[in-house]
Amino acid sequence: MDHDENEDNEQKLFSLKEAESARRELEPVLIEAMENRGKVVELDDQLSAVANRILMMGGITIEYERVARVRSEHNRLLTQIKDALDRIHATGCVVKDLDSGLLDSPAILKNEEVYLCWRVGEDRIRFYHRQDEGFSGRKPIDPEDTGPKHPIQ
């Protein structure tokens, strides 16, 4: 194994400041991917409805141009989602749940490898969890941190 291969396999570890900077940069990318995911689900439903009509009615006449446009848009959105996720993962951050917008950043906290954990809608990174835990294992980075200074009601 040469030096470059070893570097590729090493997980980037973030300081809280670095993770927060990455979060601010990646937030719009993640939100766009989430929105595109919602559009893909709608297009999936449309394509499934066409497939079911064909199955039920044995080769009915379908609007091929409309279906081709839907399929093309579906593929375009999937490519955009993949590109967004690739861009996020290239930074060293990990999208844990695209539906809820969970973004984790590997870090060392109290001599333990953890994920600094943020979810779309939160004002900043305030939580972490061990790497073998998920969202339900989140703990505040600073136990004295009572939340955002201006909470949204």
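Student: Which residue just after helix 3 takes a positive phi?
Tutor: G92 does, with a phi of about 105 degrees. Helices (H or I, at least four residues) and strands (E, at least two) are DSSP runs, numbered from the N terminus. This is a predicted model, in which local features need pLDDT of at least 70, side-chain atom pairs count only at pLDDT 80 or more, and totals for chains, interfaces and linings use all residues. Residues are numbered from 1 along each chain as its sequence is written, and side-chain values use heavy atoms, with hydrogens and water left out.

Student: How do the strands pair?
Tutor: Two strands pair if DSSP finds at least two bridges between them. Here 5 strands form an open sheet in the order 1-2-3-4-5, with antiparallel pairing. Strand 1 and strand 5 are the edge strands, each pairing on one side only.

Student: Which residues stand opposite each other?
Tutor: Strand 3 (residues 112-119) and strand 4 (residues 127-130) pair over 4 bridges, and Y115 stands opposite H129. Strand 4 also pairs with strand 5 (residues 139-140), over 2 bridges; there F127 stands opposite P140. Strand 1 and strand 2 share 3 bridges, and V95 has L103 as its bridge partner.
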